[in-house]
Amino acid sequence: QPSHLHRPRPLSSETATATAKSPGRSRSETKVKAKRSEQYSQRRAMSTMYREMLLMNNFSVLNYTGVIKITKKATKTLEKIKVMAVAAEAAMLEAGEVMNKE
């Protein structure tokens, strides 16, 4: 006779603890547990990857903003340098004309 007929069946609340504590699991129970463990690992890996993608997105936005600010600052600086160069050139031409008149 099968051995499961001689054992009293545990109550439904005891089933989970009895299954978890029993040293001799059937192959199907082992496969189910392994599958659940694999699913949990996959979920955790996906969650980790999602968080890393968010960090990467934030990093790229921050870099983009930095590049835009640097470009604007460089443009303003170059414009000031051009104005100063034109003014210096005009002053030099004027100084040269003054010297030529003397």
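**Exercise 1. The nonpolar patch**

Which residues make the nonpolar surface patch of about 330 Å² in this predicted model?

*Solution.* Step one: name the members. Met46, Met49 and Met53 make this nonpolar patch. Methionine 46 is found in helix α2. Step three: classify methionine 46. Its relative accessible area is 53%. Exposed means over 50%. Methionine 46 is therefore exposed.

**Exercise 2. The positive patch**

Which residues form the positive surface patch? Is lysine 73 buried or exposed?

*Solution.* Step one: list the residues. Lys69, Lys72, Lys73, Lys76 and Lys80 form the positive patch. Step two: locate lysine 73. It lies in helix α2, which covers residues 27-101. Step three: apply the cut-off. Lysine 73 has 57% relative accessibility, so it counts as exposed; the limit is over 50%.

**Exercise 3. The whole chain**

How many helices and strands does the protein chain have? What share of its residues is buried?

*Solution.* Step one: count the elements. The chain has 2 helices and 0 strands. Step two: check burial. Buried means under 20% relative accessible area. Of the 102 residues in the protein chain, 0% are buried. Step three: turn to the surface. The chain exposes about 10100 Å². Carbon and sulfur atoms supply 63% of that area.

Notes
Residues are numbered from 1 along each chain as its sequence is written. This is a predicted model: local features need pLDDT of at least 70, side-chain atom pairs count only at pLDDT 80 or more; totals for chains, interfaces and linings use all residues. Side-chain values use heavy atoms; hydrogens and water are left out. Patches are made of residues with over 30% relative accessible area and no salt bridge: like charges are joined within 9 Å, nonpolar side chains (Val, Leu, Ile, Met, Phe, Trp, Tyr) within 5 Å. Accessible areas come from the Shrake-Rupley method with a 1.4 Å probe; for residues, only the protein chains shown count as cover. A salt bridge is a side-chain nitrogen of Lys or Arg within 4 Å of a carboxyl oxygen of Asp or Glu. Lys and Arg count as positive and Asp and Glu as negative; His and the chain ends are not counted. The place of a charge is taken as NZ of Lys, CZ of Arg, CG of Asp or CD of Glu. Helices (H or I, at least four residues) and strands (E, at least two) are DSSP runs, numbered from the N terminus. Buried means under 20% relative accessible area, exposed over 50%, partly exposed in between (1.4 Å probe, protein chains only).
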